[in-house]
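Please open the model in your viewer and keep the sequence beside it.

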Amino acid sequence: MQRCRFFVRVPLGRQLGANTILLLTLLLAGCVELDQVTALAKVADGAKTSLPVIAADFKGSCDRQNLYVHLPPGPPPVLPPPKACVSGDDLEKLGSNLVVEQNVLLDYFDALGKLASSTSAGFQKSVGGLSGSFKDAGLSAAQQTMATSAGSLASAISDLALQGYRKKKIAVIIGKTDKDVTILANGLADQVAPAAAKAPSTTSYISLLDNESGLIDSYYSIPLAQDPNSLAAIIVNRQWQEDVNQLNARKDAAQAYRKLMLSLATAHATMTRDAKGGHFDIKQLGKDLGPDVAQMETAIADLQKDVR
Amino acid sequence: MPDQTQPLTAGQAQDLAQSFHDIAAAIGQYRLAQVAVLTPTQQYQLQNLQLQCIQYSNAFISAGLFAAQANLAATLASIKQATMQANQAIATINNVDKALQIAAAAAVLGASIASMNPSAVGSGLEGLVKAIAGSTASGNTSSTGTPTASAP
């Protein structure tokens, strides 16, 4: 941005030669390019604080489900009721893997943004490991594909750092990584909230919330049906409503997460499309990327509102 | 027994998780619809079976493997069909003992799948099919009362 300001401040009355005008045009055009990529990276970076909360809630939902268990009246039975969820360890590993994968994706956008910035300092690459124990237990085919793409993107980030790519190379890098970005962003979106709510095609965080929903309903509705007219029933009804509201907020946050991931994939595909012959079609990029960035900002605002 | 397992697709794992979610929901609805009829012990037993079915649904959400089968797709289709029939039977049955038998058979099927034992899956499936057949053969099904409490 500093260099942009320098050239913009050239006195208008000054006579400029044709070569100077051409140089000025190219640099200004270059700044438009850098701004768009940097802005996208900044928006993606804004999501970092909210995203791990959802991944951690895979186990959180499991723990909450175990709270919705009634003990029978009278003395404790020989055997206590079973837990509703005993998969906490696996779900925690699943959530941890998602955090690693989404961080690789966001680090990649961060790296692009830093390279695109006129003050491109070096960037830190911190790629955590995927849980080996979970992998041994059997990642689904979709999860294995995501892990492979995360590895490829992590490798791209390393290449960016080691080979000292410059701004003019960004278009080339984006073209090479678009497939992995698409796989990873779509995979993360599906693991949290699959596309079709009525007939989802993959297991997800939403599936866990659906199980939680069923337990909440039984937990409250059955005692209320046994004693519908007491004062206590009024309080219990309010608590039921509060639990349902919290659950719905989590579902909304999951949908916002999906929108954010899909917007990232779309924005990257837009950049790939607008990069022709290894260079950006700058005017087109500026026009095309705006809606994607706006949608990401909306999704992040929704996430931050609903995630808890 | 890693050599006796095979990978599930995400869609297959979701179908399994959904089947056991649906059975748990059917048991919950039955507990609510029959709230005036069920004894505390029966409520407790049905709650336990509902919780077991949810437990298996949660387990299948994070599952990537299934016990080795000659034809996995056919086995999964049979499980889906049997659990759907179990849901229908529980929704219409009037005999609490029969409802308990179907719910228990569904929970056993879930346990057999989770065990990753190839032969256990077949017997678990057979047990559920028999329990459903037993409930319909007795002709003891009818529509139950409407729920006495509704969700907020």
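Begin by selecting the two sides of the contact between the chains, to which chain A gives 44 residues and chain B gives 35 residues; two residues are in contact if their C-beta atoms, placed from the backbone, lie within 7 Å. On the side of chain A that touches chain B, the elements that give two or more residues are α3 (51-65), α4 (88-116), α5 (132-138), α6 (141-162), α8 (205-226) and α9 (231-274) of chain A, where helices (H or I, at least four residues) and strands (E, at least two) are DSSP runs, numbered from the N terminus. The largest share of this side, 13 residues, comes from α8(A). By class, the side of chain A that touches chain B holds 24 nonpolar, 16 polar and 4 charged residues, with Ala, Val, Leu, Ile, Met, Phe, Trp, Tyr, Cys and Pro counted as nonpolar, Asp, Glu, Lys and Arg as charged, and the others, Gly among them, as polar.

This is a predicted model, in which local features need pLDDT of at least 70 and side-chain atom pairs count only at pLDDT 80 or more, while totals for chains, interfaces and linings use all residues. Residues are numbered from 1 along each chain as its sequence is written, and chains are lettered from A and ligands numbered from 1 in the order in which they are written.

Next, select α8(A) together with helix α1 (residues 10-33) of chain B, whose axes come within 10 Å and cross at roughly 5°; axes are lines fitted to C-alpha atoms, for helices over the stretch in contact, and angles run from 0 to 180 degrees between N-to-C directions. The two helices are therefore roughly parallel, a term for angles under 35 degrees. Among the residues that meet here are S207(A), D210(A) and N211(A) from α8(A), and Q14(B), A17(B) and H21(B) from α1(B). The residues of this helix contact divide into 6 nonpolar, 8 polar and 3 charged.

Now colour chain A by pLDDT, the predictor's confidence in each residue, from 0 to 100. The mean for chain A is 75, and 70% of its residues reach 70 or more. Within chain A, confidence is lowest in helix α1 (residues 2-8), at a mean of 35, and highest in α8(A), at 95. Over residues 1-33 of chain A the pLDDT is below 50, and it also stays under 50 over residues 120-127 of chain A. Where pLDDT is low, the predicted coordinates should not be read in detail.

Select A114(B), which lies in helix α4 (residues 96-114) of chain B and counts as buried, because 21 C-beta neighbours lie inside 10 Å. Leaving aside residues up to four places away in sequence, A114(B) touches Y56(B) and A59(B).

Finish at M116(B), in the loop between α4 and α5 (118-137) of chain B. M116(B) has a positive phi of about 60° although it is not a glycine.

Terms used: Parallel < 35°, antiparallel > 145°, perpendicular 65-115°, else oblique. Buried ≥ 20, exposed ≤ 12 C-beta atoms within 10 Å, placed from the backbone.
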